[in-house]
Amino acid sequence: RFTCSDRSISTYPGALTASLTSTKVAPSVDFDHSCSDSVEYLTLNFGPFETVHRWRRLPPCDEFVGARRSKHTVVAYRDAIYVFGGDNGKNMLNDLLRFDVKDCSWCRAFTTGTPPAPRYHHSAVVYGSSMFVFGGYTGDIYSNSNLKNKNDLFEYKFATGQWTEWKVEGSLPVARSAHGATVYSDKLWIFAGYDGNARLNDMWTISLQDREHACWEEIDQSGEIPPSCCNFPVAVCRDKMFVFSGQSGAKITNNLFQFEFQGHMWTRIPTEHLLRGSPPPPQRRYGHTMVAFDRHLYVFGGAADNTLPNELHCYDVDSQTWEVIQPSHDSEFYRYAIKLLSFFVFVFSQMPSGRLFHAAAVILDAMYIFGGTVDNNVRSGEMYRFQFSCYPKCTLHEDYGKLWENRQFCDVEFILGESEERVLGHIAIVTARCQWLRKKILQARDRQRQKTKQESSEDEGAAGGSKDMPAGNRPSGTQPLLEVSIREAEAQPFEVLMQFLYTDKIQYPRRGHVQDVLLIMDVYKLALSFKLSRLEQLCVQYIEASVDLQNVLSVCENANKLQLDQLKEHCLNFVVKESHFNQVIMTKEFEHLSTPLIVEIVRRKQQPPPRVYSDQPVDIGTSLVQDMKAYLEGSGFEFCDIILLLDGHPRPAHKAILAARSSYFEAMFRSFMPVDGQVNISIGEMVPSKQAFESMLRYIYYGDVNMPPEDSLYLFAAPYYYGFSNNRLQAYCKQNLEMNVTVENVLQILEAADKTQALDMKKHCLHIIVHQFIKVSKLPNLRSLSQLLLLDIIESLATHISDKQCAEMCSDI
């Protein structure tokens, strides 16, 4: 193991400064040249973001400081975690513990005044320089006496340690426990919980600014209000409050709801994981935690169907997708760097085991989890820290969406319906996503070429394109818009379909509004005609979720008219439901319904058809990422309209895609378009390798960040030079270099580091080569290194290897 210097290096114009360091090892430990762990992980100080998810087990709370517990609360204030209340399995608690995150030390917090009575399942929040504790369950659980819920409110001042109870006049929330609480806009917000007899779903708020004039106010909620529930977490992100899962009577759900503070409106967020191509949401559970960081919600633990899972689930508020976080490999076990009697000591897991009724809080870029009930109903006193990785989000869908909205670099014009309304688009995106439209475009292009040949018969070859790209593909500056006529499509539903092609989603209109539902039905009809399975499923999901008592007959009649049998079937089943039927047939719309539909409804009510269950998998189609991947790999070759030159070697590409993803290309194509349609590729003054260039194209076309580590050195400055929307690619390059430098690839990375003048990375590679030289010497790539690099290796060997080690090494070789 080793320490690299902190010498900074300058990469390329626009790049950040980088330095490479590694962790020092205790002086008493010998470097084990045969141990694979000798290739140390690096820490690259490339910027303010951390790219590795990592668990760490911190010192547990000693019994003499405070009892192990569950059903408690934790809050974060400055550099400390404060733990209040809970139960230790025998008694309720009301002590206040403090954990210093810098010193990793525990102590009892200083308190004065009368604290809240011992309790659990209460809530605690931080506002200003105070902690506020509300409600909870009190009494003697050992003797099962005086047990009751509370609705009292206490304030603890961190500066003085003073406990004070707020005496509030007027209406009060019903006493409760296992509720949710948060702070927003200088107010404490309380939602749902358990009052001892029933679950609740009411909401109350109180201003925390002025104690003398504070009063409770019940909130008039609207929208899709969550069912009455308890034992759930809440978190605030992007000015909205989120509620996930919990117990609703005997029922446990895995629904995620969002509450808008401004309009007091609830929305249930649909779990379209199959259509989005992302993992499903976490299992239904209760007693879990959820915290917000950046644009993400992190859910950990809880009881899920009689199990205690310990996966960490992450919800991206922007993309509305779930994923399971994969922590770094060194999260699995903590390895003491001590060599005793030729044995390395491997000790406890760094990852927390499954648990429920624990508590979590966030300080800076890390989450701290304390306590909870683990296996066999045992209370825990463990503290864990989870380092968030701040990956910038993938902007692929947004970038293509902006291309659609701005309509720059359009090269096709669709002429729609009998009214011949016109909609602009981009051949590259449309032909990548829809085979039906691709055929239409090819037919129109053939007709255009025939017409061009006829008009320019005197000047042969005028219609020819560049020799390096498919025939007929010239720079768009010399080529008129391609006109494609589609008589079976009207402009409004076609524009919704186009929005889907560019972004893989549609902006859902107002749910339940008749005209909006009918519009999506027209889109669905187009999706069937154009064979867009993914869009079909999105439309069906929206329409079925939007059908209600007010619009069901209109939707049913339109489905019958458009011959959309699946939707018609859904509407008929909705109408004949016992709870719906009488209300529907008493409406004015039913009186004007066509006779055949009335007959069908009556017969279905009298004799429902047998249910048909199909075990055939639903075709969900291909995603934007999948389609753009196939397009880059070959299916889009005949539509290429630009040549990228890498060290003189041509690589056909697509202007619209490059412009959508890179402000560098966007500005070039708008103002400085090369006359010959060819663009030289470099990153500053450095020309990347062919392999690294292909990695960059994969990122541009479909957001892929998987690449060999040596490519990361070439592409580290690419986000700045090419003007990508954010530094996501750079973040992954950083992680790639930190985690994946091995004996097997060290020679390739050495070459890349030498070419890009990444001096500290080169020094790191030489260090690995020296200390793993027996293995490196057997690699075939060693013989292909340049003479100068071989001399660098020899010099490093001479500097770092002792005579004794040299003799041993020679004998091994």
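## Helix α7

The expected span of a helix is taken as 1.5 Å times one less than its number of residues. Helices (H or I, at least four residues) and strands (E, at least two) are DSSP runs, numbered from the N terminus.

Helix α7 is mostly covered, since ten of its 14 residues are buried. Buried denotes under 20% relative accessible area, exposed over 50%, and partly exposed the range in between (1.4 Å probe, protein chains only). The buried residues of α7 are Ser533, Arg534, Leu535, Glu536, Leu538, Cys539, Val540, Tyr542, Ile543 and Ser546.

## Basis of the model and overall composition

This is a predicted model, in which local features need pLDDT of at least 70 and side-chain atom pairs count only at pLDDT 80 or more, while totals for chains, interfaces and linings use all residues. Residues are numbered from 1 along each chain as its sequence is written, and side-chain values use heavy atoms, with hydrogens and water left out.

The chain contains 24 helices and 38 strands. Of its 813 residues, 52% count as buried. Among the contacts in the chain with a separation of 6 or more, 62% are between residues 24 or more positions apart; a contact means heavy atoms within 4.5 Å.

## Helix α5

Helix α5 (residues 491-503) has 13 residues and reaches 18 Å from its first C-alpha to its last, close to the 18 Å expected at 1.5 Å a residue. Eleven of the 13 residues are buried, so α5 is largely enclosed by the rest of the structure. These buried residues are Ala491, Pro493, Phe494, Val496, Leu497, Met498, Gln499, Phe500, Leu501, Tyr502 and Thr503. Asp504 follows α5 and has a positive phi, near 70°.

## Packing of α2 against α13

The axes of helix α2 (residues 396-406) and helix α13 (residues 624-635) come within 11 Å and cross at roughly 75°. The two helices are therefore roughly perpendicular to each other. In this scheme, angles under 35 degrees count as roughly parallel, over 145 as roughly antiparallel, 65 to 115 as roughly perpendicular and the rest as oblique. Axes are lines fitted to C-alpha atoms, for helices over the stretch in contact, and angles run from 0 to 180 degrees between N-to-C directions.

Leu396, His397 and Tyr400 of α2 make the contact with Leu624, Val625 and Met628 of α13. The residues of this contact divide into five nonpolar, one polar and no charged. Here Ala, Val, Leu, Ile, Met, Phe, Trp, Tyr, Cys and Pro count as nonpolar, Asp, Glu, Lys and Arg as charged, and the others, Gly among them, as polar.

## Two open sheets

Four strands form an open sheet in the order β3-β32-β29-β28, with antiparallel pairing. Strands β3 (54-58) and β28 (359-363) stand at the edges with a single partner strand each, so one side of each is left without a neighbour in the sheet. The twist averages 25° from one strand to the next. Two strands pair if DSSP finds at least two bridges between them. Strand β3 pairs with strand β32 (residues 383-387) in the antiparallel sense over five bridges, and Arg54 stands opposite Gln387 in β32.

A further open sheet has three strands in the order β37-β36-β38, and its pairing is mixed. Its edge strands are β37 (649-653) and β38 (678-680), each pairing on one side only. Neighbouring strands of this sheet are turned by 30° against each other on average, direction ignored. Strand β36 (residues 642-646) and β37 run antiparallel and are joined by five bridges; the bridge partner of Ile642 in β37 is Ala653.

## The β24-β25 hairpin

Strand β24 (residues 312-316) and strand β25 (residues 321-324) pair in the antiparallel sense over four bridges. Tyr315 has Trp322 in β25 as its bridge partner. The hairpin has four residues between the strands, and Gln320 takes a positive phi near 55°.

Gln258 is in strand β20 (residues 251-260) and, at 12% relative accessibility, counts as buried. Not counting residues up to four places away in sequence, Gln258 touches Lys240, Met241, Phe242, Met265, Trp266, Thr267 and Ile269.

Cys107 lies in strand β7 (residues 105-108) and is partly exposed, with a relative accessible area of 32%. Leaving aside neighbours within four places in sequence, Cys107 is in contact with Val65, Leu97 and Arg98. Cys107 and Leu96 are eleven residues apart in sequence and 9.1 Å apart in space, C-alpha to C-alpha.
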